[in-house]
Amino acid sequence: MMCLLEVQEAIAFIRRQTAKKQNFLLYWAVDATHAPVYASRSFLGTSQRGLYGDAVREIDVSIGKILQELHTQNIANSTFVFFTSDNGAALVSAPNQGGFI
């Protein structure tokens, strides 16, 4: 549920800034893949990687919604999108939450 709420707020923010024709910086630090790993109910059991995979799928869909909103607002071609990672979850959570292949 947390990702869903964060994405809704991000989209609302993009819409407000676009309506005001103001440049913006949207920074979203996703923590769903860190212990404790979590995913919204609609994503539970949707991957072959357990809860960790479910969380990654939710993040992927969430980013897709934000990118789609940039296209909807007709600002995708003039918007810089930057993705980064902190190299994944702590190893202490890996055995129980899908961190190892």
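How many aromatic pairs does a search of the whole structure find? Let's work it out together. This is a predicted model, where local features need pLDDT of at least 70, side-chain atom pairs count only at pLDDT 80 or more, and totals for chains, interfaces and linings use all residues. Residues are numbered from 1 along each chain as its sequence is written, and side-chain values use heavy atoms, with hydrogens and water left out.

**Exercise 1. Find and classify the aromatic pairs.**

Step 1. Rings of Phe, Tyr and Trp (its six-membered ring) pair if their centres lie within 6.5 Å; planes under 30 degrees apart count as stacked, over 60 as edge-to-face and the rest as tilted. The search gives 2 aromatic pairs.

Step 2. Phe-13 and Phe-24 are edge-to-face, at 5.7 Å centre to centre with 85° between the planes. Phe-13 sits in helix 1 (residues 2-19) and Phe-24 in the loop between helix 1 and helix 2 (50-72), so this pair ties together parts 11 residues apart in sequence. Helices here are DSSP runs (H or I, at least four residues), numbered from the N terminus.

Step 3. For Phe-80 and Phe-82, the centres are 6.2 Å apart and the planes at 20°, so the pair is stacked.

**Exercise 2. Decide whether Ala-32 is buried or exposed, then name its contacts.**

Step 1. Buried means under 20% relative accessible area, exposed over 50%, partly exposed in between (1.4 Å probe, protein chains only). With 1%, Ala-32 is buried.

Step 2. Ala-32 lies in the loop between helix 1 and helix 2. Leaving out residues up to four places away in sequence, Ala-32 touches Val-37, Tyr-38, Ala-55 and Ile-59 (contact means heavy atoms within 4.5 Å).

Key: Helix = DSSP H or I, 4+ residues; strand = E, 2+ residues; numbered from the N terminus.
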